[in-house]
Amino acid sequence: MRIIGLFAMCVWLGACSTPPLFPPEVLRGVEPSDSVDVNVWKAHTFRASIADVASHKVKLGGAILTAVQKPDGVVMLVEEQTIVAHPSYGPSAAATHAPPFTFAISFNQTLNASWLYPGNRLIAIGKTAGVKLVEGEGVFANKPHVVAQCLHIWKTEGREIANFPYESGSGYYPLEERTFCLEKD
């Protein structure tokens with residue numbers, strides 16, 4: 001009888017725990033977004049060539065401003081937002097520093113356009129890669145660039161994640177979210 005009770009408790013506890021957003025091997029070697037090296041990378045926003053800044057594995061959160069599908073993947077312009085203590089709640093605009101920092105993310109996999117909607121929140125794991133010329137609202141600019149290994153995207157369409165489940169006369173629906181990782185070679 002104890003074994004059945006112990007088994008039931010393990011199943012119950014497992015159902016209540018939040019699964020990690022990313023596989024553990026993807027998170028190995030990630031630098032904090034406020035590390036000295038990441039801040040140096042951010043400071044080179046306006047330089048066309050930043051070969052003197054080494055590549056670092058980072059975890060950055062933000063909201064999609066624009067996204068362009070390319071034959072080999074997608075390039076996004078993202079406004080950085082603070083990743084809150086419980087990442088399952090995603091990045092938050094409320095805790096963001098001012099002025100907003102924008103950066104480019106390249107992800108070498110095509111995604112359905114609904115995942116790339118402006119305002120959707122994301123967390124990216126990838127390597128810093130200098131600057132990239134990107135278009136945002138008809139204006140081209142050099143932005144610090146991350147080549148993403150994995151993305152976790154929440155379909156918020158510009159709303160705060162804390163506002164879900166969302167109800168506006170049409171009833172309850174859960175926030176759709178998904179992790180995308182590049183396939184290993």
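The questions and answers below go from the whole chain to single residues.

Biologist: What kind of model is this, and how are residues numbered and values computed?
Modeller: This is a predicted model, in which local features need pLDDT of at least 70 and side-chain atom pairs count only at pLDDT 80 or more, while totals for chains, interfaces and linings use all residues. Side-chain values use heavy atoms, without hydrogens or water, and residues are numbered from 1 along each chain as its sequence is written.

Biologist: In what order do the elements of the chain run from the N terminus?
Modeller: Helices (H or I, at least four residues) and strands (E, at least two) are DSSP runs numbered from the N terminus. The chain has 3 helices and 7 strands. From the N terminus on, the order is α-α-α-β-β-β-β-β-β-β.

Biologist: How many of the 185 residues, in percent, count as buried?
Modeller: Buried means under 20% relative accessible area, exposed over 50%, and partly exposed in between, with a 1.4 Å probe and protein chains only. The chain exposes about 10800 Å², and carbon and sulfur atoms supply 59% of that area (Shrake-Rupley method, 1.4 Å probe; for residues, only the protein chains shown count as cover). Of the 185 residues, the buried share is 39%.

Biologist: Which residue in E4 stands opposite Met-76?
Modeller: Strands pair if DSSP finds at least two bridges between them, and E2 and E4 pair in the antiparallel sense over 6 bridges. Contact means heavy atoms within 4.5 Å; leaving out residues up to four places away in sequence, Met-76 touches Phe-103, Ala-104 and Leu-151, among others. The residue opposite Met-76 in E4 is Ile-105.

Biologist: How many residues of E4 are buried?
Modeller: Thr-102, Ala-104 and Ser-106 point one way from E4, and Phe-103, Ile-105 and Phe-107 point the other way. Both sets are buried. E4 is largely enclosed by the rest of the structure, because the buried count is 6 of the 6 residues.

Biologist: Is the ring pair of Phe-101 and Phe-103 stacked or edge-to-face?
Modeller: Rings of Phe, Tyr and Trp (its six-membered ring) pair if their centres lie within 6.5 Å; planes under 30 degrees apart count as stacked, over 60 as edge-to-face and the rest as tilted. Phe-101 is buried at 11% relative accessibility, and Phe-103 is buried at 0%. The ring centres of Phe-101 and Phe-103 are 5.9 Å apart and the planes are at 20 degrees, so the pair is stacked.

Biologist: What separates the C-alpha atoms of His-152 and Gly-61?
Modeller: His-152 lies in strand E6 and is buried at 4% relative accessibility. Beyond four places in sequence, the contacts of His-152 include Leu-21, Arg-121 and Glu-177. Gly-61 is 91 residues from His-152 along the chain, and their C-alpha atoms are separated by 9.3 Å.

Biologist: Which residue forms a salt bridge with Glu-176?
Modeller: A salt bridge is a side-chain nitrogen of Lys or Arg within 4 Å of a carboxyl oxygen of Asp or Glu, and the count comes to 1. The closest N and O atoms are 3.5 Å apart, and the partner of Glu-176 is Lys-155.
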